[in-house]
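Please keep the sequence and the three-dimensional view at hand while reading.

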Amino acid sequence: MTALVYNRCTVTLDFLGSLQRTHTCGELRASDAGKSVVILGWVNRRRDHGNLIFLDLRDRYGISQVVLDKDLGVEAHAKAEQARSEYVIAAVGKVRLRDASVINPKMETGEIEIVADELRILNDAKVPPFSPAEDAIANEEVRLKYRYLDLRRPEMQHNFLVRHKVALAVRQYLSGQGFYEIETPFMTRSTPEGARDYLVPSRVHPGNFYALPQSPQLFKQILMVSGMDRYFQIARCFRDEDLRADRQPEFTQIDLEMTFPQQETIFRVVEGFLSEAFKAVGIHLPTPFPQITYDEAMRNYGIDKPDLRLPGLTDVKAAFTEENLAALQIDPNLPVVALRIPKVGELSRKERDDNKPLFDSRKGAKYIDDLKRLEKGFPEAAAKVRELAGGETDDLLVIVAGDAAVHIHASDTKSEGRLSEREIAIYSTAGNFRVELAKKYADRHGIFAVTDAVVNSPERETGLADGSQAFRPIWVTDFPMFEFDEETKKWMPSHHPFTSPHEEDMDRLVSDPASVRARYYDVAMNGLELGSGSIRIHRQDVQAEIFRSIGMTDEEAKARFGFFLEALQYGTPPHGGIALGLDRIVMILAGASSLREVIAFPKTAKAIDLMVDAPTPVSEQQLRELHIRPTKQ
C-alpha cells in the first residue's frame, strides 16, 4: 500500500489516502481472531522491546494493543520506532489471540492484539503537558488550558457519553408526552432575575443593548399564551454572577412549560423524564418521589435541598427541663435539635476542636458535641437525647440550639403555621453543620459508599443498578412567597415575581406577606437542587397586585415587563413549568466532583476560558462601531 509522504523534522508523515476504519479501538474481541482490520487512533502508550514494539492505540471507544514485529515487517516496525504518545496512527493487520499468560483482564480488548503489517503516522504531536493516559491530573488550570487533551481522557469521554444519553432520553420522553421542542432567543431585552445580565451592545442601535437570557422564563410563558400547550427546550442560559466555586456563567437547563397543569401533573412529567434519563445509564430511579413542604424540610433537615441519605434532625427539646436549659444557656423559645452522622465513632478532643470552624454561630446558635460530658451534669437529659435521636453507639450525635447568651437582631414575627426567622436560623445552622460534618466524615467512614458502588457498578452497562438508596430525590413545596430585605426594608419575591401565590393566601399579600405560600417547588437529590419551578400567574390583575405588593409602581412594571403584561391581556391560560440543570444531573450520574467535569469547555471560578484566553480586549475599531468608550479602572 503506497502512501504520499512529507517530512516534518525527523518524522515521516503519511496521508490517510483511501484507507477506511473497519473497527474501533474498543470493539475487537476474541471472536474476531483471524480478521484483517484497520484501526485508527492516538498512541496511548508505546513499549519498545527491540524487535517487538507494542503500541496501545486509543479512541473514544477504548484501547487496542498493536504489535509491530520486525521479523514480519521491517517498514512498519521502523514507523513504530518513530511513533510517540498522542501521535495519530493507522494500523493495518490481523487480529490474533494473546497468550493466556499476557491476557489483560482490565481491558475489554485484553484477550486480543493486532499484528500490524502496515503502519501510517497520520500526524505527530508535541510532548503534551500531561498524558491523557494518566488517571488523574492534579493541576486543573493546566487541564482547562489544554482542554482538547483533557477531553481525550477515558474518564472525560465517559462523562460526555453519559451527557449524550441523558439529553437523548429526556428529548425522547418529552416528545412522547406531546411536548414541542422550541428554541427561544439568545438576544433579548434585559429583565434581571436576580443575577446580572450579560449585555450585548447593538451596533445599529447606538447606546442600546441586548441581553443574553438568564432563562427562557418569559418566552416560555408567552408560548403558553400562544397555545403551544407543551413546550420544552434544552436551553443555554447565562448569568453574570459573583465568583462562586462551582457555578458557571453559561450553563444548560432542561426547560419546560405546560398549560392547564396541576402541580402533580408537572411532578409526574419530571419524574418520568428523570427516570428515563437515569435508566439510559443503567440506574433504576423509583417513582413517585417523596414530597415535603418547605417548613417540613427546614424542621427535619435544616435545608431546603435535603440529602435523604443521612438521618434528619430530631427535636430533642423534650429531653431538657427548664432548669437544664437555663444551666446550659439554651434559649427555651427556640428549637433544640439533634443531628446524627452514622458510623463516625467517638471523636477526640482535637477532632472536636477541628470541627469548630464548620459551625456558623453568627445566627445565635450553639452546639454540644460531647454527650459523655453532658451525661456527667445532666444524665437524664443525655439519655433522653440518645433515645429520641436513635442510632448506634458509634454514631456522632450533636445538639444544636439557640444561645441564650447571644442576642440576635432578627424578626420574631411568626405567622400562623409558618416558621419565624429566628427558628429558621437555628434549623438552617443545624442543617448546614450536618452537611459539613457529613462531607468531612463521608470518605473516612463510607457514609456515601453506596452511591459510589452504584455509580461504578458493572450493572450500569448490563442492567439496572438499584438507585433507591444511592440516589434519593425529593420534592420540596410551598416555599415562602416573600422574604424581607433588610437593606431596602421591603418584602421581595423569594423567587421570580411571576410565581403564583396559593389562592387561599391571596388576601394576605399586603397584610401578612410572611404567611403567603408560593406555588413554587424544587426537586432535589443527594443535597443538590436539580431544578425549580412554579405554577405561574396567568391573570393580569393578580400580576399587578404582586408587583404592587413588592413596591413596584405600574410605570416600573411596564418599563421592565411591558411586552409580557400586554400578552397577559389576550386570554392567557393557567400554566406552569420547571427548569432542571442538565449539567448537575450529569455530574451526579457520572460520579463527578465538579460541573467542570461534565461541561466540554467550562470557565474557571473567575469566569475565564483558559483555552481560548477569554475574555479579552477588542480593537478600537470594534469599540467605535459599537459606540462604546471603556473607562479606566
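## Terms and basis of the model

A residue is called buried when its relative accessible area is under 20%, exposed when it is over 50%, and partly exposed in between, using a 1.4 Å probe and protein chains only. The model is predicted: local features need pLDDT of at least 70, side-chain atom pairs count only at pLDDT 80 or more, and totals for chains, interfaces and linings use all residues. Residues are numbered from 1 along each chain as its sequence is written, and side-chain values use heavy atoms, with hydrogens and water left out.

Helices (H or I, at least four residues) and strands (E, at least two) are DSSP runs, numbered from the N terminus.

## Domains and cysteines

The protein is divided into domain 1 (30-123), domain 2 (156-289 + 577-620) and domain 3 (310-446); such bounds come from an automatic or database domain assignment. The C-alpha centres of domain 1 and domain 2 lie 42 Å apart.

A disulfide is a pair of cysteine sulfur atoms within 2.5 Å, and the structure holds 0 of them. Cys237 counts as buried because its relative accessibility is 0%. Cys25 is likewise buried, with a relative accessible area of 0%.

Two strands are said to pair if DSSP finds at least two bridges between them. With mixed pairing, 5 strands make a closed barrel in the order β3-β4-β5-β7-β6. From one strand to the next, the twist averages 55°; axes are lines fitted to C-alpha atoms, for helices over the stretch in contact, and angles run from 0 to 180 degrees between N-to-C directions.

Asp59 has Gly62 of β5 opposite it. Helix α1 (residues 74-82) packs on the sheet and touches β3 (36-49), β4, β5 and β7 (112-123), where contact means heavy atoms within 4.5 Å. The direction of α1 makes about 65° with that of β7.

Tyr294, Asp295, Ala297, Met298 and Tyr301 are buried in α7. After this helix comes Gly302, which has a positive phi near 70°.

Strand β23 runs antiparallel to strand β24 (residues 528-535), and 6 bridges join them. Tyr521 has Gly533 as its bridge partner in β24, while Met525 stands opposite Leu528. The two strands form a hairpin with 2 residues between them, and Asn526 in the turn has a positive phi of about 55°. On to the next pair: β24 and β25 are also antiparallel, with 5 bridges, and Ile535 stands opposite Gly576 in β25.

## Two loop residues

Which residues does Glu346 touch, not counting those up to four places away in sequence? They are Glu351 and Lys372. Glu346 is found in the loop between β16 (336-341) and α9 (349-355), and it is classed as exposed because its relative accessible area is 61%. Its side chain makes a polar contact of 3.2 Å with the side chain of Lys372. A polar contact is a pair of N or O atoms within 3.5 Å; within protein, one must be able to donate a hydrogen and the other to accept it, and residues adjacent in sequence count only if both atoms are side-chain atoms. The C-alpha atoms of Glu346 and Leu397 are separated by 9.7 Å, although these residues are 51 residues apart along the chain.

Is His496 buried or exposed? With a relative accessible area of 17%, His496 is buried. His496 lies in the loop between β22 (490-493) and β23 (520-525). Leaving out residues up to four places away in sequence, His496 touches Gln217, Ser534 and Arg536. The side chains of His496 and Arg536 are joined by a polar contact of 3.4 Å.
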